[in-house]
Amino acid sequence: MIYRTHKNTELSLEDVGLDVTLCGWVNKRRDHGGLIFIDLRDISGIIQLVFNPEIDGASHIKAHSLRNEWVIKVSGRVSRRPKGSENPHLKTGEIEVIVLGLEILNEAKTPPFEIAEYSEVKEELRLKYRYLDLRRDFMQKNIILKSEVYQRIRDFLSKNGFFEIETPHLIKSTPEGARDFLVPSRLSLGSFYALPQSPQLFKQILMVAGFEKYFQIARCFRDEDLRADRQPEFTQLDLEASFISEEDIYNVIEGLIKDIFENVLKKPIKTPFPRLKYRDAMLEYGSDKPDTRFELKIKDLSFLSSSDFKIFKEKEAIRGINVAGYNLSRKEIDELIEFAKGFGASGLCWFKVEGDSLSSPIAKFFKEDELKRVGEVFQAKDSSFILIVADKERVVCDTLAALRLKFGKPEPGFNFLWIIEPPLFEKDKDGNLKPSHHPFTLPFEADFPLFSSNCEKIRARAYDLVLNGCEIGGGSLRIHKPDIQRMAFKSLGIKEEAEKEFSFLLEALSYGAPPHGGIALGLDRLLMLMVNAGSIRDVIAFPKTQAGVCPLTDAPFKVSKEQLKELGIRI
């Protein structure tokens with residue numbers, strides 16, 4: 001049986017007079033008395049069918065029963081639409097198919113929501129009936145675009161000498177940061193596998209094995225709290241290479257991004273991407289993933305610590321932004337103060353620029369030359385508002401970064417940025433050192449002496465790729481010598497017992513590991529930005545909710561006592 005001769009949008013004016021067979025879903029039915037019009041939808045798009053009782057009475061009678069989402073097969077002849085009835089919004093808008101035969105392949109219940117482009121549907125309902133949600137045009141375009149991006153990645157990297165190599169999903173748990181998902185082993189009762197947070201250790205071992213250039217479109221798993229741009233399982237482009245420097249990584253990734261955007265999105269991308277040191281990013285934007293589609297840089301006002309304003313004395317940082325073009329009311333200022341407190345700030349100071357002077361309830365605490373200097377720092381103009389935060393370094397950065405996003409007006413486009421030279425370590429909420437990226441990141445050789453004096457000032461040979469204020473990738477050059485790796489472990493308080501968790505990597509490094517490095521790009525997040533979606537769930541075929549639940553399959557699920565007994569587990 002031949003179901004169809006063409007997909008809908010393969011037909012055009014050149015096919016007028018051609019006999020065709022088409023299949024798809026009823027997208028819309030319009031009964032005009034004598035004529036019945038059906039918009040037929042398949043994966044390629046929509047074409048109009050015309051049922052004329054004078055041409056095929058039997059099909060016309062059957063067409064009266066058709067409802068949305070029924071699956072049908074039609075045979076007919078391609079015809080030019082009557083003048084004035086063309087639809088410029090459809091690819092097939094100049095033609096229609098005069099039906100000569102109709103077969104109903106399957107009926108459908110009334111859907112729980114309209115299968116329309118932008119119908120408002122609660123996300124829980126969308127995910128429960130995901131197979132219906134995925135019939136919508138924008139969702140199909142997102143998933144198809146993702147497939148095209150994957151194909152470009154494979155083609156580009158293969159042409160550049162990279163080998164696609166799979167790594168295992170059932171591995172040993174290692175203390176890398178986020179919580180692991182654990183999988184019980186039936187064959188070794190009481191023992192567990194972990195699902196990989198990333199293929200980090202295996203890709204380094206592939207470099208030791210001498211493959212030199214590896215990539216993988218890898219599934220990764222992290223048992224962590226979820227947000228709009230996070231999922232418990234996600235996909236990343238994993239890449240590693242030997243005998244390279246940071247420049248090699250920049251070149252291959254910039255070339256890949258340019259290839260994807262210009263061939264899939266048809267959007268020109270300018271390379272090389274700008275680079276910004278981590279410290280400068282924090283000073284100028286308050287964030288290590290700044291949105292550079294608008295200026296609004298943060299300015300340092302540390303000279304005000306010597307003023308008579310007690311609140312500014314002995315603060316780790318005093319910085320501010322100039323909110324130009326906003327005439328803030330007292331109520332709006334009070335709301336901004338509460339907004340700042342939400343990021344840990346003790347308050348928010350402000351100056352309104354009126355002509356050549358700065359007015360504020362706190363202006364009386366500052367000398368004329370201090371106020372003048374504030375105006376000069378911000379190049380303040382009449383009606384501008386200067387917002388200032390004085391607090392701990394982290395609090396100042398977080399608060400001003402949030403205020404900057406609140407008032408910033410991004411230009412359209414895609415702004416890529418490399419953030420380079422971040423700290424090797426940072427402190428957690430308890431004051432303990434933890435890796436800024438992961439414990440296998442290579443520090444700058446010039447900073448090696450700081451291991452014994454000031455670990456927090458050690459710079460990492462690491463780099464993050466930022467797009468429009470979102471981190472879409474990160475990587476580093478790796479430690480390839482066991483003695484340096486142990487030095488990093490020691491600084492992190494990873495003792496000999498914990499070292500056993502990484503023993504296979506340390507052992508591998510002792511057999512002549514080459515200098516190597518790599519990067520991982522979050523493909524779901526990249527796709528989300530490419531299609532301007534509000535969530536990565538709109539670019540994943542079968543995602544979880546923010547609670548980590550799959551409404552379609554009701555996962556996670558309760559396990560029977562028999563299954564647990566077989567695994568030697570009791571709850």
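L477 lies opposite G517 of strand β22 in this predicted model. Strand β21, residues 470-477, is joined to β22 by five bridges, and the two run antiparallel. Both strands belong to an open sheet of eight, ordered β6-β9-β10-β22-β21-β20-β17-β11, with mixed pairing. At the edges stand β6 (163-164) and β11 (275-277); each has a single partner strand, so one side of each is left without a neighbour in the sheet.

| Helix | Strands touched or crossed | Angle |
|---|---|---|
| α4 (residues 137-159) | β6, β9 and β10 | about 150° with β9 |

Is N142 buried or exposed? N142 has a relative accessible area of 8%, and because buried means under 20%, N142 counts as buried. Its side chain reaches the backbone oxygen of D538 at 2.9 Å. Setting aside residues up to four places away in sequence, N142 touches V531, D538 and V539.

Helix α5 spans residues 200-208, and its buried residues are Q200, L201, K203, Q204, L206 and M207. What covers these buried residues of α5? The cover includes the strands β9 (213-221), β10 (233-242) and β22 (516-522), together with helix α13 (503-509). After α5 comes G210, which has a positive phi near 95°.

The largest nonpolar core holds 49 residues, and I153, L157, L237, I253, F261, F416 and W418 have the most contacts inside it. Which helix gives the largest share of this core? Helix α6, residues 246-265, supplies nine residues, the largest share. A second, separate core has 22 residues, among them I321, W350, V395 and L403.

W418 has contacts with residues from several stretches of the sequence. Apart from neighbours within four places in sequence, W418 is in contact with Y250, I253 and E254, with F273, P274, R275 and L276, with Y463, D464 and L465, and with I519. One of these partners, I253, is also listed with W418 among the residues that have the most contacts inside the largest core.

How values were computed
Residues are numbered from 1 along each chain as its sequence is written. This is a predicted model: local features need pLDDT of at least 70, side-chain atom pairs count only at pLDDT 80 or more; totals for chains, interfaces and linings use all residues. Side-chain values use heavy atoms; hydrogens and water are left out. Helices (H or I, at least four residues) and strands (E, at least two) are DSSP runs, numbered from the N terminus. Buried means under 20% relative accessible area, exposed over 50%, partly exposed in between (1.4 Å probe, protein chains only). A polar contact is a pair of N or O atoms within 3.5 Å; within protein, one must be able to donate a hydrogen and the other to accept it, and residues adjacent in sequence count only if both atoms are side-chain atoms. Contact means heavy atoms within 4.5 Å. A nonpolar core is a set of buried Ala, Val, Leu, Ile, Met, Phe, Trp, Tyr and Cys residues joined through side-chain atoms within 4.5 Å. Two strands pair if DSSP finds at least two bridges between them. Axes are lines fitted to C-alpha atoms, for helices over the stretch in contact, and angles run from 0 to 180 degrees between N-to-C directions.
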